[in-house]
Amino acid sequence: MVSRLRDSGYIRSQRVADAMMVVPRHLFLPPEARENAYVDSPLHIGEGQTISAPHMVAIMAEALDLGPGQRVLEVGGGSGYHAAVMAELVRPGGMVYTIERIPPLAEMARKNLMEAGYSSLVEVIEGDGTMGLPEHAPYDRISVAAAAPDVPEPLKQQLADEGRMLVPVGGSWHQDLVMVMRSKGRFRIENLGGCIFVPLIGEHGHKP
Ligand code: SAM
């Protein structure tokens, strides 16, 4: 899987290659989906949700330029897989907080992360991630794994100076992956191109 993602240009750095090589994606999937764990495709994880396709995890990891010691907030924890890849990239000294709004998925992510050996590097929080997680802010990096109608304001405010956030923005028909960069209190926005994610549902997201 990693060499295919490299050949297609989704993985550009050795650090992202190493991280994706080391995280066992099959441990984050229900038994019936495990045979396809290393196919570049989103897969069902229950509750009508999906684990993101590996190429999207690679694109986001490369664009976020994750490094040791960083504090990361993920919104949309799902299976916990993407959080584990980011945890590999911020070790040593870093920490990933991931918020999931569907309680059985949050529980499943905790179990998966424990089995894969990431429970001390990733904390799973149940709740509405559009509000962010003020108690651990500010974050060097924020990664949103579901599409918002607009960049959620609480997430902007919880981004550290010189921080970066990736968030898919749009409705069900068209979404763009948007990078928000904060520097000296100002925000710069860059559109990285089209993408497809499930909707971000919450106070600063789509309505249920
Ligand atoms: N990163 C995940 C993984 O590695 O498996 C995949 C995430 S899946 C594409 C998107 C997730 O976002 C779903 O599990 C969904 O329940 C969650 N979600 C949607 N709105 C949310 C919100 N406001 N707060 C937290 N999670 C949310």
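Entry 1: I began with the lining of the largest pocket, which has 19 nonpolar, 15 polar and 4 charged residues. I note here that the model is predicted. I then looked up the volume: the largest pocket holds about 600 Å³ of space. In total, 38 residues line this pocket. Closest to its centre are T50, A145, A146, F197 and V198.

**Entry 2: elements of the lining.** Which element gives the most to the lining of the largest pocket? I found β2, with 3 residues. I also listed the elements that supply at least two lining residues each: β2, α3 (54-64), β3, α4 and β4.

**Entry 3: the ligand.** Where does the ligand sit? I located the ligand in the largest pocket. I counted 27 residues around the ligand. The closest are S79, E100, D128, G129 and I201. By class, I sorted the shell into 12 nonpolar, 11 polar and 4 charged residues.

**Entry 4: backbone contacts and cover.** I checked backbone N or O atoms against the ligand. One from I201 lies 2.6 Å from a ligand nitrogen. One from G129 lies 2.8 Å from a nitrogen atom of the ligand. For H82, a backbone N or O atom is 3.0 Å from a ligand oxygen. How much of the ligand's accessible area does the protein cover? I read 99% of the 600 Å² that the ligand has on its own.

**Entry 5: cis peptide bonds.** I turned to the backbone. Most peptide bonds are trans, and most residues other than glycine have a negative phi. I noted a cis bond joining R91 and P92, with omega about 0°. P92 is in the loop between α4 and β4. I also noted a cis bond from A137 to P138, with omega near 5°. P138 is in the loop between β5 (122-126) and β6 (139-144).

**Entry 6: positive phi.** I looked up E47, which is not a glycine but has a positive phi of about 55°. E47 is in the loop between β1 (43-46) and β2. E162 is not a glycine either, and its phi is positive at about 65°. Is E162 in a strand or in a loop? I placed E162 in strand β7, residues 159-170.

Technical notes:
Residues numbered from 1 in each chain as written. Predicted model: local features only at pLDDT ≥ 70, side-chain atom pairs only at ≥ 80, totals over all residues. Heavy atoms only, no water. Near = heavy atom within 4 Å. Polar contact = N/O pair within 3.5 Å; in protein donor to acceptor, adjacent residues only side chain to side chain. Areas by Shrake-Rupley, 256 points an atom, 1.4 Å probe, with all protein chains shown as cover. 1 Å grid on protein atoms, 1.4 Å probe; cavity = no way out; pocket = protein on both sides within 12 Å on 5 of 7 lines; lining within 4 Å. Sits in = over half its atoms within 2 Å of the grid points. Nonpolar A, V, L, I, M, F, W, Y, C, P; charged D, E, K, R; others polar. Points joined across faces, edges and corners; volume = space filled by probe spheres on them. Helix = DSSP H or I, 4+ residues; strand = E, 2+ residues; numbered from the N terminus.
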